[in-house]
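Subject: Structure for you to look at

Hello,

Here is the structure I said I would pass on. My notes on what turned up follow below it.

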Amino acid sequence: MPNRFKSGAIRLGCTAVAAALLLTGCSNDSGDTTPPTNNAPAQNLVIGVTSDVDTLFPWKATQFNTVNVMQTLYGTLVEFDENLAIVPGIATSWETSDDGLSVTFKLREGVKFADGSPCEAEDVKFSYDAIMDEATGAASRSSLASVLSVEAVDSLTVVLHLSAPDVVLLSNLAVINLAILSSTDTEESLSTTPNGTGPFKLQERKPSQSLILARNENYWGDSAKLDTIEFRVIPDETSIVSAMQAGNVQLSIFDDPVVAQTAESAGIKIQETSQLAYHVLQLNTVSGPLADVNFRLAIQCAVDRQEVLDTAASGEGEVTGPITAPAFRSDPKARPCPTKDITKAKEYLAASAYPEGATIRTIVSQGEYATSVNEATNVQAQLAEIGITLDLQVMESGAYVTAWLAADFEAAIALNGGRPEPYGMYNRYFISTGNLNTVAGYSSEELDTLFDAARQESDTTARANLYQQISKHLEDNAVWVWLFTSYTYAATTSNVSGFTPMANDSMQYLRTTSIS
Amino acid sequence: MSTGRESWRLLLKSKSGLIGLIITGLIVALIVASVIGVLPYDPITQHAASRMQPPSAAHWFGTDRFGRDIFARVAAGVANSALIAVVAVTFATIVGTAAGLVGGFFRGASDAAISGVTNVLFAFPPLLLALSLASVFTRNWFTIAVAIAVVYIPIFIRVTRGPVLTLREIDFVRAARATGQSRWRIMVAHVLPNITSIIIVQVTLSLSWAVLTEASLSFLGLGTPPPAPSLGSMVYEARTLLTLAPWTMLAPGAVMVLFVVGLNLLGDGVRDALDPQSRGRK
Amino acid sequence: MSVLTHPITRRVASAFGTLLGVAVLVFIMLRAIPGDQIIAQFGIETGDMTPAQIAALREYYGLDKSLFAQFFSWIGGLFQGNLGFSARAHLSVSELSANSLPVTIELAVLTIVLSLLIGVPLGMLSASKRDSIRDGFGQLVGLAGLSIPSFLLGSALLGWASAKFSYNPNGKAFVTLLENPWLNIQQMAMPALVLAFGIAAPIMRTTRTAVLEVRSLDFVRTAKAKGVPPRRLQYRHVLGNALVPIVTMTGLQFGYLLGGAIVVEQIFSLPGIGRQVLIGIEQKEYAVVQSTVLVIALGFVLVNLLTDVVYRLIDPRVRAA
């Protein structure tokens, strides 16, 4: 494989994007739905996916592929660009009041849903109110936790009234779970006829087989270059590689480095992207040996993270601290034992209440991602060196998630999702009132104070400083053992251009993708 | 009925039986080597430095993506697969034979109940049955063995119940009943010995199926959980490496096929040796 | 003979009992698998929801009712032709099965035809001269069929065809026989061949044994003595009488294929009924799994009944009676 980009930044296809934007600029077509007739071949892209979408309702989409499809169909008030900076979406500008308690959004003129109806302030209010309504069962209701009320001032002005200043609100609003729906639509109607403001609209769905999207001519931005995108279900990743070799499929996202390597050796282009999601050994500090900070520090010092990365993920990734967002990334060397230190680990262990070591019941999921069990076995082997035994319980993802949510474990090998804004990523775990605090198994007054300060700090540098303090607190107390971040691999055949993979796994740049 | 020694002689005389015995013997030797730990490498310890090396003098079958010695893993894997198959078939044999005996011999309500359960288990798609059972419990080699056993129990019930029905009407059984022996005693002392050969034939056939079923479950992500290798999970995990490191798949794949071939041949030989009907045709 | 005691009535009653047993078994087993549809849908995000949200979702997915109520509303629905609803596909299970069942049946039929085309001649070849080289060859092919797992053969075949010839009809969108017969046959060919390789083996063995057995019977010897030409003897007398075990074995394999083709459906991306169950289990869509398993079981029971009928038609002894 070619040289790996190891610096910790995201590898970008900026030139490709710029070129694609230029090209889209010149090819605005007349607005009918038939493929362009100016001698250009039809632009039909086929994406190989291992599973079908599990819902067409954007507020309930959590699975990787479903989120990606929703992202092409729906729009949000604000969006992320390829650097994960907040850029305008349906809203063109926004302003926070001096006290930080209200945010006013100006909406873009002429935004339409796929059915041609206008997207206005009332729709935004309808959407956010419905998401906050518990009866809706929306996945990201907690993202609007600080919102007291939504006010549609006029057709293009929306004000969010907050209970307290919330600097992470914007990055929450950019997530597709907070998509803006038309106030006339219902979950039932959208399940058959999606109606969003995204660059594509649904053309045809064959459950468990394929989902075909067509260009949305009502899209507010530059028209997509592709006429159609088909998400074709090919359950077996190896079969996807075969289909790409035969030219039936042009794009796919792999998370297994070996599959990517196989595809690359078959002449398929691979772009790797460092992920916000992080691999971690979660420790439940509520009781038992793990309640003892020295015992936890012993674990932290005994684990060589690079070795875990090398053996479990073929070295494809980067050792990480708690914060993975490029703008705030933790220094992986800033921890009690930056490298494996058995002597120190033994000192910590001797100082703990369990100097002889102990057995830790560790849950591991199988099937959700490729490296889990291998990480677990490697950590197990490393901890055996200081007399700590990991009792690995390998489970199906359903059983694993059930146990995980119930905090029914002493330790857990996990791959947790990341977000561009560290507050949004960790508040639910480490604030003592956070929804997942029992799962995280740790809280402290100091952390509560730091998180609260970060939420109210609008100055980026000052906030970065607060995040570093949070990161340090988590590492110094060995709350969890952060291991590494990995890559995902965007595989494209040679005739595909203009696709930029993103660190948050989004496939939003399908809108600039073209095929020759 | 032939005596045990006679059967052995016949088994060794049949070509397939002999070849099957040799192959199975080799596999058993491999299993023993793995279990008593005389192989130079550990099947589970990862060595980042020696990842994906092709076969060499040091690593006969090469190494996998974690630098583990594939020969050691194949040996441990075949041991695991054999363990699962043997436990599954033993369990199925005991439960299935007992149920078939009781149902066929006592008839009546117990037979109706047993036949009902057999029909249900037969109508349930076998792989789906094993798959659902394997998802219910925390997965380890034992729960997988039990899941496979449940799939095979109805086969054993059907295989035994038929002959038992016939046997119970045969003169010597009637005679024993007339002398006032208890029915359980008759069942164990007179009926059971007469269906042993049928059961043995079924056992040898089922062993090879069990190895393949475990492999199919691995393919669907519900086989033996790693890191403990099984032939099925090894082949499945190596499929993605076919072009990069073909040996990672070829070695366990070849051993699996060889193992199943050995068991099948042995099964054929055993059937020829024990089944009076098939012998009669020679 | 009264209608109630007629053998056919009893067969049908027993089939109903069997299906009820399958229904109970699949219902209980699904509930025993950890996790529910909410966790399957939302994963760890479930933990970020309020109790009121969870309650609303439980109601939405019908998980708020007692197990008894769930069971009887499902069974009650079945009798009204309502197999349940898949929130994931936003289709009823009947519609889902109407799409997936024909795929699996087509695959099963093709597989059986191929296996008979391979297995019967091979079995006869083997039996034509016992312990000869031909017999050895036939036995070897049979052994290979029994011993090579279908996922190994399937992946190897697909990977090889794609890499060497850029030929992968299964990488294209699936089409039904009516939509595009030529592409459909290509998409079915490799999976059917892979399955047939495995199923031809027991058919070959059954044919071989049956032919050997029939040939030793008196009437064949008589026919031979009477000077019936060997070819005619082979097809008319021997094969005709060896049909019974072959049909029984074929029926058994067909029934098995209805639920047993999952692995091959997975590799070759065929949207068949096995995959419908597999996805249902992953998504914890209870209604989908329950009703689909029942549909497969019904298919199995029907095939068995049919085998019985055919058996009565072709078995000379039964006919004579």
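I began with the boundary between chain C and chain A, which together bury about 3800 Å², with 51% of that area on carbon and sulfur atoms. Please keep in mind that this is a predicted model. The two sides of this contact are made of 45 residues from chain C and 46 residues from chain A.

Chain C against chain A

Three salt bridges are found across this interface. In one between C:Glu45 and A:Arg428, the closest N and O atoms are 2.9 Å apart. Between chain C and chain A there are 19 residue pairs in polar contact, counting pairs with both residues at pLDDT 80 or more.

Several helices of chain C supply at least two residues each to the side that touches chain A: helix 2 (37-42), helix 3 (51-60), helix 7 (150-165), helix 11 (262-267) and helix 12 (273-283). Helix 3 of chain C gives the largest share of that side, with five residues. Sorted by class, the side of chain C that touches chain A holds 22 nonpolar, 16 polar and seven charged residues.

Chain C against chain B

Chain C also touches chain B, with 37 residues of chain C in contact with 37 residues of chain B. The area buried between chain C and chain B is about 3300 Å², and carbon and sulfur atoms give 77% of it.

How many salt bridges does the rule find across the interface of chain C and chain B? There is one. B:Asp268 and C:Arg205 form a salt bridge through their side chains, at 2.7 Å from N to O. Polar contacts between chain C and chain B come to two residue pairs, again with both residues at pLDDT 80 or more.

On the side of chain C that touches chain B, the helices that supply at least two residues each include helix 1 (7-32), helix 6 (133-147), helix 8 (181-215), helix 10 (230-260) and helix 13 (286-314). Helix 7, helix 11 and helix 12 of chain C are also among them, and these helices each supply at least two residues to the side that touches chain A as well. Helix 1 of chain C makes the largest contribution to the side that touches chain B, eight residues. That side of chain C divides into 26 nonpolar, eight polar and three charged residues.

A sheet in chain A

Chain A has an open sheet of four strands in the order 4-5-7-6, with antiparallel pairing. Strand 4 (91-96) and strand 6 (147-154) of chain A are at the edges and have a single partner strand each, so one side of each has no neighbour in the sheet. From one strand to the next, the twist averages 20 degrees.

Strand 4 and strand 5 of chain A run antiparallel and are joined by five bridges. A:Ala91 is placed opposite A:Leu107 of strand 5. These two strands form a hairpin with five residues between them, and A:Gly100 in the turn has a positive phi of about 75 degrees.

Strand 5 (residues 102-107) also pairs with strand 7 (residues 157-162) of chain A, antiparallel and over five bridges. Here A:Thr104 is opposite A:Val159, and A:Phe105 is opposite A:Val158. Helix 3 (residues 121-132) of chain A lies across strand 5, strand 6 and strand 7, and runs at about 165 degrees to strand 6 of chain A.

Regards

How values were computed
Residues numbered from 1 in each chain as written. Chains lettered and ligands numbered in written order. Predicted model: local features only at pLDDT ≥ 70, side-chain atom pairs only at ≥ 80, totals over all residues. Heavy atoms only, no water. Contact = heavy atoms within 4.5 Å. Buried area = accessible area lost by both parts, 1.4 Å probe. Salt bridge = Lys/Arg side-chain N within 4 Å of Asp/Glu carboxyl O. Polar contact = N/O pair within 3.5 Å; in protein donor to acceptor, adjacent residues only side chain to side chain. Nonpolar A, V, L, I, M, F, W, Y, C, P; charged D, E, K, R; others polar. Pairing = 2+ DSSP bridges. Axes fitted to C-alpha atoms, helices over the stretch in contact; angles between N-to-C directions.
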